[in-house]
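Please look at the sequence and the structure before reading on.

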Amino acid sequence: MIKFVDVVKTYPNGVQALRGINLTISDGEFVAIIGLSGAGKSTLLRSINKMHSITSGKLFIDDIEISSITGYDLRMLRRSIGMIFQSFNLVKRMSVYSNVLTGRVAYHPTFATLFGLYPKRDKLLALESLDTMGILDKAFIRADQLSGGQQQRVALARALTQEPKVILADEPVASLDPITTVQVMDDFARINKEFGITIVANMHHVDLALKYATRIIGIKDGLVVYDGPSTKITEDILVNIYGRSLKHDELLGE
Ligand SMILES: Nc1ncnc2c1ncn2[C@@H]1O[C@H](COP(=O)(O)OP(=O)(O)OP(=O)(O)O)[C@@H](O)[C@H]1O
Ligand SMILES: [Mg+2]
């Protein structure tokens, strides 16, 4: 469970990116966050795993108030949350398998992972995740030799290997072609259903957000302006979120 209570985030330059967010995301949900560029979507996502701290309000993960946690507790929090980026964030020169194995880093002392000393269970888990993502045959290829879609699958395999409760995805398909986009979104849906992992994804493709997520959170100027089922989204709601009607290609996130 992720719970925001009056969360405000003001960056050091004075920009108020979140201006009082209240929402609760339950375990196993597939949530898409939509809104204009600069609305605060990435800021909201990044406050969940404390990639940055919030200015005021309270943020709970499973009833633990995370703004005050540090050290061991923070590492435990981050361990339970996988993160997927638009740019995949793989170590380009490393093999796919080694990249996926880094999903286990937070489970071991630094020296062990530095020397690649992972227990057998971790290695099996990494291979299993690659298999789940349908890219086991790519395990020993250098990450930068894969297509964008394949790299995002590696990133998803890495996240799965982490055995997270939640996966946060910041525009996971923004740099992929339309066909690969659908494949990667299908992967998210499968992970959500098969493993019960909560998915919170920032999306610019409104049509995909409506198709894949069961719940839409619309953000505008740092505030939630819509929070409800994707089936209840109307043209008027989109106009409210985006300030005007969207043209066909804008709905497709182009
Ligand atoms: N590190 C930062 N320092 C200062 N201001 C920031 C920083 N990161 C974001 N902002 C500002 O905070 C506001 C919200 O930004 P955020 O990146 O959360 O928006 P977004 O909805 O993710 O946009 P996009 O769709 O373009 O990714 C914007 O006005 C942005 O300029
Ligand atoms: Mg963003």
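## Two crossing helices: α5 and α6

The axis of a helix is a line fitted to C-alpha atoms over the stretch in contact, and angles between axes run from 0 to 180 degrees, taken between N-to-C directions. The model discussed here is predicted. In this model, helix α5 covers residues 120-132 and helix α6 covers residues 148-161. The two axes come within 8 Å and cross at roughly 135°. That angle makes α5 oblique to α6. The crossing in which α5 passes α6 is right-handed.

Which residues of α5 and α6 make the contact? On the side of α5 they are Leu125, Ala126, Ser129, Leu130 and Thr132. On the side of α6 they are Ala157, Leu160 and Thr161. By type, the residues of this contact divide into 5 nonpolar and 3 polar, with no charged residue.

The crossing of α6 with α7 is right-handed.

From α6, the contact is made by Gly148, Gly149, Gln152, Arg153, Leu156 and Leu160. From α7, Thr180, Gln183, Val184, Asp187 and Ile191 take part. The residues of this contact divide into 4 nonpolar, 5 polar and 2 charged.

## The sheet of 6 strands

One open sheet has 6 strands in the order β6-β7-β8-β3-β9-β10, and its pairing is mixed. Strands β6 (81-85) and β10 (223-229) stand at the edges with a single partner strand each, so one side of each is left without a neighbour in the sheet. On average, neighbouring strands of this sheet are turned by 15° against each other, with direction ignored.

Within this sheet, β3 (residues 30-34) and β8 (residues 198-202) run parallel and are joined by 4 bridges. Which residue of β8 is the bridge partner of isoleucine 33? The partner is asparagine 202. Helix α9 (residues 235-242) lies across β3, β9 (215-220) and β10, and runs at about 155° to β10.

## The sheet of 4 strands

Another open sheet has 4 strands in the order β2-β1-β4-β5, with antiparallel pairing. Its edge strands are β2 (16-25) and β5 (64-65), each of which pairs on one side only.

Strand β1 (residues 2-10) pairs with β2 in the antiparallel sense over 7 bridges. Isoleucine 2 has isoleucine 25 of β2 as its bridge partner.

## The surroundings of ligand 1

Which residues surround ligand 1? They are Tyr11, Asn13, Val15, Ala17, Gly35, Ser37, Gly38, Ala39, Gly40, Lys41, Ser42 and Thr43. Helix α1 (residues 41-48) gives the largest share of this shell, with 3 residues. By type, the shell divides into 4 nonpolar, 7 polar and 1 charged.

Notes. Residues are numbered from 1 along each chain as its sequence is written. Chains are lettered from A and ligands numbered from 1 in the order in which they are written. This is a predicted model: local features need pLDDT of at least 70, side-chain atom pairs count only at pLDDT 80 or more; totals for chains, interfaces and linings use all residues. Two strands pair if DSSP finds at least two bridges between them. Two residues are in contact if their C-beta atoms, placed from the backbone, lie within 7 Å. A residue is near a molecule or strand if its C-beta atom, placed from the backbone, lies within 6 Å of it. Ala, Val, Leu, Ile, Met, Phe, Trp, Tyr, Cys and Pro count as nonpolar, Asp, Glu, Lys and Arg as charged, and the others, Gly among them, as polar. Angles under 35 degrees count as roughly parallel, over 145 as roughly antiparallel, 65 to 115 as roughly perpendicular and the rest as oblique. A crossing is left-handed if the near helix is turned anticlockwise from the far one by less than a right angle, and right-handed if clockwise.
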